Amino acid sequence: MGFMLTREATVDRLELVDAFKGCTRAQLKQVARLAEHVQVGQGEVLAREGRIGREFFLVLSGTVRVTQAGREVNVLGPGSFFGELAAINPGVRNATVTAVSEVEVLIIGPREFATMAAIPGFRDALFKSMADRLRTADARLAAAHEEDEEVEDEPPTTQS
Amino acid sequence: VSSSTDENAIDLLTRGALALAWGGSKDDVNVTSNDGKVSLIDRLHGVPWFAACTAEQLGEVVRLAERLHIDAGEVILREGRLGRELFVILEGSVVVTRAGRAVNEWGVGDYFGELAAIEGVPRTATVTAKSDLDVLIVGPREFDAMMDIPGVRNALFMGMARRIREADDELDVYAEGGAGADRRTE
């Protein structure tokens, strides 16, 4: 998948990323050391729903599309990241992520991710993003429950 | 603090009067007391949240967190209210409600209040003690220092990842009309 770019170039890019705003240049160098900086072509699939994968991805340039069951749920640009759930807690990918343009991306393995999560600046960005996801999911769930109760009294089976 | 079911008692805490409400209770939590009660560090060893911590790190946890006993029936957090403390359950269980609807129940080793602790948003749910509770409370100032402890940080990350997955899975079930979430794998 693509080709690697130099470490200095990676650090320069990271300085522009929101999630790393709280990091020093030395910490960004550490991140660059931990990550693979890769360029992928349009149409390439970075993560596939239902598959096992434990890498964390950070988009440095370009755009990716996030789909679930073939339905587009998000479009992510530079500075966005994904794959943190799988990096933290092994499991299957809950979405497919496809490059919709040429994309420059940092790929970080689970071990390296744990090291990265210790860097306060990044750790806080990660906590914030996860808290936001959880809050959004909870709100949608509450809305779904409410709607469901209006339709029928019995909750749906939670079997999967 | 724990003798009343009056919500104001707990609200006081969430307004930052934590230390005042506590008095000297912190001094007697990190030593084994004369009456043979287990020390807090020993207690923490048995809680999954702190399983990966060294004795030294647990000492740090004890230094940073406050410990509180809460009576069954007391409201610990109220949906919509401000408050930035994170709670870890050492003993007992709580019921989580949103808009009056019970959405979860947490027990020993579970935590709550993390969204407000992280984001500073109002409480997203009401949490009520289902039984007598023994909890650790981490204030907003102590949160960062607490998250410098790898075992504690990972426990929170793991817990949040799990809760996001569970919420997403449940949403999938709704999205598919309750027919069961049979994931498409190509």
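Reply: Buried here means under 20% relative accessible area, with a 1.4 Å probe and protein chains only. By that cut-off B:Trp49 is buried, and B:Tyr111 is too. Bear in mind that this is a predicted model.

Let's stay with those two rings. Their centres are 5.4 Å apart and the planes of B:Trp49 and B:Tyr111 meet at 55 degrees, so the pair is tilted. The pair links distant parts of the chain, 62 residues apart: B:Trp49 is in the loop between helix H2 (40-45) and helix H3 (55-64) of chain B, while B:Tyr111 belongs to strand E6 (residues 111-112) of chain B. There's a charge in the picture as well: B:Arg163 has its charged end over the ring of B:Tyr111, 3.9 Å from the centre. B:Arg163 also lies over the face of B:Trp106, at 3.7 Å from that ring centre.

Over all chains, the structure holds 12 aromatic pairs. One of them is in chain A, where the rings of A:Phe57 and A:Phe82 have centres 4.9 Å apart and planes at 10 degrees, so this pair is stacked. Again distant parts of the chain are linked, with A:Phe57 in strand E3 (residues 56-61) and A:Phe82 in strand E6 (residues 81-82) of chain A, 25 residues apart. A:Phe57 is buried because its relative accessible area is 3%, and A:Phe82 counts as buried at 9%.

Chain A also has an aromatic cluster, made up of A:Phe20, A:Phe56, A:Phe81, A:Phe113 and A:Phe122.

Terms used: Residues numbered from 1 in each chain as written. Chains lettered and ligands numbered in written order. Predicted model: local features only at pLDDT ≥ 70, side-chain atom pairs only at ≥ 80, totals over all residues. Heavy atoms only, no water. Phe/Tyr/Trp six-rings, centres within 6.5 Å; stacked < 30°, edge-to-face > 60°. Helix = DSSP H or I, 4+ residues; strand = E, 2+ residues; numbered from the N terminus. Buried < 20%, exposed > 50% of the residue type's maximum accessible area, 1.4 Å probe, protein only. Lys NZ or Arg CZ within 6 Å of the ring centre and 35° of its normal.
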